[in-house]
Amino acid sequence: MKKSWVAYPYVVWMIMFIVVPLILIIFYGTVRTTPQGMEFTLEHFKRFFEPLYIMVLVRSLYLAFICTIVCLLLGYPVSMILASKEYRDKKILIFLMVIPMWMNFLLRTYAWLTLLEKNGIINTLISFIGLPKMDLLYNQWAVVLGMVYNFLPFMVLPIYSVLIKIDKSIIEAAEDLGANSRTVFRKVIFPLSLPGVVSGITMVFMPAVTTFVISRLLGGGQFLLIGNLIEELFLKSGEWGFGSALSIIMMILILFSMAIMSRYEKENEGGGLL
Amino acid sequence: MMRHLKRLYIGIVFFFLYAPILILMIFSFNKSRYMSKWDGFSLKWYADLFSDRDIMSALYYTLLIAVLSTIIATVIGLITAIGIHDMNKLGKGIMVNISYLPILNPDIVTGISLMMLFVFMKLELGFLTLLLAHITFNVPYVIFSILPKLRQMNKHLYEAALDLGATPFYAFRKVILPEIMPGVVTGMILAFTLSIDDFVISYFTTGAGVSNLSIIIYSMARVGIKPTINALSTLLFISVLLLLLIVNKRTSNNNGKEKVI
Amino acid sequence: MKKILSSKLIWVVVAVLAFSIILAGCGQENRVTLKVYNWGEYMDKSVIDDFEKEYGIRVIYTTYATNEDMYVSMKHGGSNYDVAFPSDYMISRMINEDMLHKIDISNIPNYKYIDDTFKNLPFDPDNEYSVPYMWGTLGIVYNKTMVDDPVEGWDILWNEKYSKQILMLDSQRDSIGLTLQMLGYSMNSRNIDELEKAKEKLMEQKSLVLAYVGDEVKDKMVGGEAALAVVWSGDAVAMKWENPDLEYVLPKEGGNLWFDSAVIPKTSQHKEEAELFINYLCETEIALRNTEYIGYSTPHTEAMKMLDEELLSDSTAYPSDEEIADSEVFEDLSDTLDVYNRIWTEIKAK
């Protein structure tokens, strides 16, 4: 008996709350109001190509890129150590890695706000040892720091879960064949861990490139990222047309890079065709 | 040597991850409202926290929305997953890809598109719109937790039950449901935590008088440093810790395979 | 095991569902709900509690950071507010766009306490739409221990000595307006060349600015995080209470004089209750409590009489007529709004 009809209510829901909203975004992004009524326009997309907005996009990509690299460089060794023989059974460590992920991310960002202030803990310590206070907050490094802090576990865990599944006999075989530990890493472990690295990169880069909270709180409204721009256009200046165009551009960018990334990932369970 | 280096490195990373939260927690007991000095132990920020009407109402809405959206999303997701499982290849492909959109799309785009929809529909932004938004982004996670379990299931079991005279609903309850239960539970937990933790989508889809904890923290952080937020983080940290401990215990008791990551 | 789990789970679900419905039911009383939309930290919250108790009306209190935020969320946001507190230029814009109800003054007997200087102002010549709430100026607050140059005009905000110690307001009219004024133009300029010059000036300033802030300016200045900030006078009063090192200056160019008034948006479905609320705010004791709590200057004659001598003589809160002789009031510039929007986006995006 076919019971596919039970999915139909959700089909309605899906059209209503997933498809129609996207159509609305496309509609607002390609239409302008003139005294004669609505007319089709590409001016919002054209506006995006002004150097200023390209720069915002470049800045977002740049900061997210740095954040991803730092997370990878910091996180990969952590995953390796956690997956190594002596730590393997220490479940508590993985548990400790998971907890920060579940902590409200605004609180995690807020924590740095209090630490980096001119009269915050770090500067108090700095002046305690006799050095001058530094401007730690409200620059792009504060934003990157906030991103790394928030997203590091998203890099560690996927890599860890791939590393832990690597068949030990492959490594042993390589060692038996005379490979030193460096070669084993370069030729065996790292290539095998690539799916984890790719999903780690995806999980860090995507939220980093679209964030507006971290840059607002730790950047002091000066390091406008593409997310901030969209937020401002919708909530502050009410320019829905340009805001929609930017959202479409961002969406295409993300979906496109997701599609590329997912080709490198192993079979994704229940995944889409993208 | 190498061992010590490893230990040191792990230690530093965990210090980086935990020090900020721990400092917030310690200073939630500070009498002074500034974090640059310690004025003595005090619980007054906790008292402030519990008498703050906005925070308490945000806590109430956070939990209410999380519970309601989880229940509704689980029911919809469960039914839909069964339906999708029975679809032909084309239908399945369309369904899976469209419901993947809220997962793949940046939150800000999902939030804004939903906001536009609600404004377009002339719905007043508030509790209802927030709930609808949360259900919308929760259902796909439930579906994708259940689908793999359905795929693993022996499809002849259900037919056998029908042949033996079970009504379809009885067969569903006795045969299918127990098989896919781990997926349902995973989906529920995912939905619940995503809902509790969400900021971006809620920020765009809620209106006057209805905020969740994330929104309150954001608006408080924009006004400045407030020790009540520190008190709130302490409590949230402890609840997250307890919740994870319970969940982990439960999953390791049950099948040991499933991890809530 | 699994069977037990699933039946248990169903019970838990049922229990939680019932519980949440009960909880949700508690909120559904048959009282009128009034949605008040106000600036951040702009009212003593206990006033709202007292109003609720006295009249049995539930108040939902939400805040915004700038006039533009408020306008956008009223225009598009889908929230039906009952009372809001826009400033002068925004009031005339909202009147022009037919967004405001006419207020029935006979429902606001306490209107008689409002000082006549705050009536018949250009943005609402016949006092049909707005009831004055607070007023003040836009100027500079500075920390005396950190600034040794005399603070007289807006140009101090471009002084490289204070690089990364300057806080600007994240509010386009205020920030662009003060720059125009410093350049010798009107704060209400519609001239594209003048605006272009102001934009260049602000671009040039950006590297000196620590942050573009909203309500956090108080916390930052009180905590000594910055040396100079652009603020509204009332915030300066509140800051001086907490940190005596701070001083407020109305720039020699004149600064900006503003009036925030209570209005009832057309979206309101409870106009009478909204008028009741506005009238309540004009009660002497309430007006006094609010002005003493937030530090802003009241247009209420009786409340003013009861204020501290010290506060009354403080020219930050109550400047003399000659001090504000050069101050400009913002006008509605809806027709040049895209230019302002664009300039501000460009400055922040730079």
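The domain bounds come from an automatic or database domain assignment. For chain C it gives domain 1 as 33–135 + 258–313 and domain 2 as 136–256 + 328–349.

This is a predicted model, in which local features need pLDDT of at least 70, side-chain atom pairs count only at pLDDT 80 or more, and totals for chains, interfaces and linings use all residues. Residues are numbered from 1 along each chain as its sequence is written, while chains are lettered from A and ligands numbered from 1 in the order in which they are written.

Next I looked up contacts (C-beta atoms, placed from the backbone, within 7 Å). In chain C, 18 residues of domain 1 touch 19 residues of domain 2. On the domain 1 side, α4(C) supplies the largest share, five residues. Helices (H or I, at least four residues) and strands (E, at least two) are DSSP runs, numbered from the N terminus.

Then I turned to strand β1 (residues 33–39) of chain C, which runs parallel to strand β2 (residues 58–64) of chain C and is joined to it by seven bridges. Strands pair if DSSP finds at least two bridges between them. I found C:Thr33 opposite C:Arg58 in β2(C).

Last, I checked chains A and B. Their contact takes 63 residues from chain A and 66 residues from chain B. On the chain B side, α4(B) gives the most, with eleven residues.

Methods: Contact = placed C-beta atoms within 7 Å.
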